[in-house]
Amino acid sequence: RDRTRKCSPPWLTDSHKSEIKAIYKEARRLTRETGVKHEVDHIHPIKGENLCGLHVPWNLGIKTKAQNQTKGQNLW
């Protein structure tokens with residue numbers, strides 16, 4: 001959480017923050033309804049090797065935990 005807070009740009013609007021909350025809420029809903037753990041994934045990792053993404057709505061996606069764990073091995 002601390003890392004995502006540090007990677008949240010100061011220019012995020014309240015609307016952006018609401019979008020982020022909605023993405024996390026949807027991941028929880030999918031987990032609850034399917035019984036399969038879903039996680040919010042940073043498309044461009046916030047602590048990447050060659051690129052550091054931001055904690056912004058357009059850099060977030062929802063994946064199953066299994067998909068997210070293999071991310072480093074496969075491209076989107």
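How exposed is Trp11 in terms of relative accessible area? Trp11 is partly exposed, with a relative accessible area of 47%; buried means under 20%, exposed over 50% and partly exposed in between, for a 1.4 Å probe and protein chains only.

## Basis of the report

The model is predicted, so local features need pLDDT of at least 70 and side-chain atom pairs count only at pLDDT 80 or more, while totals for chains, interfaces and linings use all residues. Residues are numbered from 1 along each chain as its sequence is written, and side-chain values use heavy atoms, leaving out hydrogens and water.

## Overall architecture

The chain contains three helices and two strands, arranged along the sequence as α-α-β-β-α. These elements are DSSP runs numbered from the N terminus: helices are H or I runs of at least four residues, and strands are E runs of at least two.

Of the 76 residues in the chain, 32% count as buried. The accessible surface comes to about 5700 Å², and 52% of that surface belongs to carbon and sulfur atoms; the areas come from the Shrake-Rupley method with a 1.4 Å probe. Among contacts between residues at least 6 apart in sequence, 57% join residues at least 24 apart, where contact means heavy atoms within 4.5 Å.

## The nonpolar core

In soluble globular proteins, nonpolar side chains tend to be buried together. Here the largest nonpolar core has seven residues: Leu12, Ile20, Ile23, Ala27, Val40, Val56 and Leu60. Such a core is a set of buried Ala, Val, Leu, Ile, Met, Phe, Trp, Tyr and Cys residues joined through side-chain atoms within 4.5 Å. Helix α2 (residues 14-34) gives the most to this core, with three residues.

Leaving aside residues up to four places away in sequence, Leu60 touches Ile20, Ile23, Tyr24, Val40, Asp41, His42, Ile43 and His55.

## A histidine contact

His42 lies in strand β1 and is buried, with a relative accessible area of 12%. Its side chain makes a polar contact with the side chain of His55 at 2.8 Å. A polar contact is a pair of N or O atoms within 3.5 Å; within protein, one must be able to donate a hydrogen and the other to accept it, and residues adjacent in sequence count only if both atoms are side-chain atoms.

Trp11 is in the loop between α1 (2-6) and α2, and Trp58 is in the loop between β1 (38-42) and β2 (60-64), 47 residues apart.

Trp58 counts as exposed, at 52% relative accessibility.
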